[in-house]
Amino acid sequence: MAWHKFFILIALMVALLGPQFIRISQHSEADLARGVQASSNPSEQYDEKPALEVIKPEPARIPLPDGQVGRIPILMYHQIGSGPDCMWVETSAFRAQMQYLHEQGIQTITLSQAAALLQGHYDTSKMVVLTFDDGYDTFYQHAWPILQEFNQTATVFVISGLVGNPGYMNWDQVKFLSLQGIEIGGHTLTHPLLPDMSAPSAQKEIEQDKTNIEAQLGQAISSFCYPTGRYDGQIQRMLVEAGYENAVTMVQREASSQDRLLLLPRWGVYQGDSLARFEKLVK
Ligand SMILES: [Zn+2]
């Protein structure tokens, strides 16, 4: 009789609690599907899907013939999605651009990978670097799913003092992306105009930012982006002292092996750009 009662008790518990479990499970699935907007605590999003480290293949190292200059377009994006100004590239336009790269067999590589290839005089044809400035949450929401779809990578420059603020990614997202092969680079603590600051203040902006990011990622970073593209000789020396190896400006042209690695130019990609313009930038 005692066993009989026990089984009835278990059956009652399953009947009462079962639907609760199902509801909890469905809620979590919906949260995952909606991504970053689903929860105020983003770490919840990764509970069911642990962040596995993704090892992306290194680009091939094919030496360039003597005398030939290595060239690679480095593209500059800010926001992906619908927004009020030219810095917002519509998600559909971004997807068309990534699909074009995919169809043309143009490989996306990170800035540090590109710098190593340029410096070593390796062939960088059929390669492109995608950079995203400021660490906006639209990268995680809109760009990242498309990059994943086409198995592409990128370099994201975060402003460590703004990580976690409204409109910006939080550290859980930044760390997750780093584990997925996205390169994280420095973009200062607060995005000041570095050449206009006192030397100690500029140094703090560069060094403290790098320390913050490296502490979060648990690894060194080597790429930097000058806020609003502003730099001078002193700022470049500070980057070297801080241990940076590559930096991007907002000078609008293709990068080449003749460029200094701390002054790499980029092509800006803007709202309303035609696919024809994009094709010219990356060919
Ligand atoms: Zn910026």
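H102 is partly exposed, because 15 other C-beta atoms lie within 10 Å; on this scale a residue with 20 or more such neighbours is buried, one with 12 or fewer is exposed, and partly exposed lies in between, with C-beta atoms placed from the backbone. The model is predicted, and local features need pLDDT of at least 70, side-chain atom pairs count only at pLDDT 80 or more, and totals for chains, interfaces and linings use all residues. Residues are numbered from 1 along each chain as its sequence is written. H102 belongs to helix α2 (residues 91-104), where helices are DSSP runs (H or I) of at least four residues, numbered from the N terminus. Between H102 and N151 the C-alpha to C-alpha distance is 8.8 Å, at a separation of 49 residues in sequence.

The axes of α2 and helix α8 (residues 275-282) come within 10 Å and cross at roughly 45°. Axes are lines fitted to C-alpha atoms over the stretch in contact, with angles from 0 to 180 degrees between N-to-C directions. On the α2 side the contact (C-beta atoms, placed from the backbone, within 7 Å) is made by A96, Q97, Y100 and L101, and on the α8 side by L275, F278, E279 and V282.

In helix α3 (residues 111-119), the buried residues are L111, Q113, A114, A115, L117 and L118. H121 follows α3 and has a positive phi, near 55°.

Key
Helices (H or I, at least four residues) and strands (E, at least two) are DSSP runs, numbered from the N terminus. Two residues are in contact if their C-beta atoms, placed from the backbone, lie within 7 Å.
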